Amino acid sequence: MLLAAGRGERMEPLSSLIPKPALEVLGRPLLASALDHLVQAGCSPIVVNLHRHPEAVARAARSAAPPGVELSFSHEPELLGSAGGIGAARHLFGAGPLLAANADVWARLDLAPLLARARPDGAVLGLLPHPDPDRWSAVELGEGGVVRRIVPAGGTTVGTPYLFTGFQILGESVVARLPSAPADIGPVWGALMRRGSLYGVPLEGSWREAGTPGSYRALVSALLAGACWRHPGAQVAGGAEVRGSAVGADCAVADGAVVEDSILTAGARVGEGVQLERCVAAGQMEIAASYCGRDRLILPWGEVALV
């Protein structure tokens with residue numbers, strides 16, 4: 001199951017225009033990375049839950065799915081929570097354990113160790129060595145990979161702290177006993193932890209999240225690694241300078257403009273002489289000639305600091 005039904009509050013105001021799972025990442029929607037992992041794991045059917053901008057998220061999922069992959073959608077007019085949303089979609093699952101993935105991460109992970117640890121009466125979390133325990137909560141493991149504790153961000157950990165990657169396997173009996181919506185997964189993990197049935201498996205690979213407009217820009221910048229990317233449907237004038245940036249579908253950059261370490265997406269157009277550095281410009285608009293912006297989120301109705 002692809003968990004794509006959040007409100008996108010941390011991504012505001014960008015998520016008022018484009019739902020977070022549908023944000024363009026070098027020509028693909030953000031949710032494509034998690035979806036790719038589900039496909040590679042052999043999941044079928046794949047259920048996608050929807051809440052905010054449901055049509056746009058469903059369209060993004062269909063565009064990212066390879067031919068022949070069966071998608072089903074579970075619409076949540078009222079948000080059901082990270083556990084309630086899974087429980088509400090039970091009738092759409094096939095037999096066996098459930099592999100669930102968060103739609104707002106971009107990763108290249110080997111999930112084989114996670115898949116191998118599936119058990120009908122427990123849950124297994126895919127983990128990585130923690131890059132920043134002050135920013136995100138941390139998982140502590142005990143003997144045999146049992147989760148001993150989940151420590152809030154900034155808390156003191158004992159031993160090696162691990163980061164939850166957003167990939168987890170829930171056993172059939174766990175899925176069957178999920179609480180009625182609205183319900184979050186935290187209390188479910190807590191009950192499993194007390195029974196010794198919540199496990200963690202360290203994985204290998206790379207992982208980044210895109211929870212805010214600033215982290216979205218940082219993700220794309222990291223993927224570019226100093227290079228430039230231009231969608232086939234974008235236009236960049238011969239006299240423009242584009243450095244370390246992504247110019248998305250239906251976007252344009254006029255003569256004399258300089259775009260550096262930035263993202264243009266969803267039809268944004270840059271006028272003559274505009275200078276952008278570390279910006280995200282999104283939506284059907286034209287940034288007026290000679291505008292200079294640094295660390296800004298620019299939308300059709302205004303701009304704010306990029307954080």
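Biologist: How many salt bridges does the count come to in this model?

Modeller: Keep in mind that this is a predicted model. Side chains of opposite charge can pair when their charged atoms come close. A pair is counted when a side-chain nitrogen of Lys or Arg lies within 4 Å of a carboxyl oxygen of Asp or Glu. By this rule, the number of salt bridges is 14.

Biologist: Is Glu209 buried or exposed?

Modeller: Buried means under 20% relative accessible area. Glu209 has a relative accessibility of 10%, so this residue counts as buried.

Biologist: Which parts of the chain does the salt bridge between Arg135 and Glu209 tie together?

Modeller: These two side chains meet with N to O at 2.9 Å. Arg135, for its part, is partly exposed at 43% relative accessible area. The pair ties together parts 74 residues apart in sequence, because Glu209 lies in strand β13 and Arg135 in the loop between β8 and β9.

Biologist: And what is the distance between the closest N and O atoms of Glu241 and Arg243?

Modeller: Glu241 is partly exposed, with a relative accessible area of 41%. Arg243 is partly exposed too, at 36%. They form a salt bridge, and the closest N and O atoms are apart by 2.4 Å.

Note on methods. Residues are numbered from 1 along each chain as its sequence is written. This is a predicted model: local features need pLDDT of at least 70, side-chain atom pairs count only at pLDDT 80 or more; totals for chains, interfaces and linings use all residues. Side-chain values use heavy atoms; hydrogens and water are left out. Buried means under 20% relative accessible area, exposed over 50%, partly exposed in between (1.4 Å probe, protein chains only). Helices (H or I, at least four residues) and strands (E, at least two) are DSSP runs, numbered from the N terminus.
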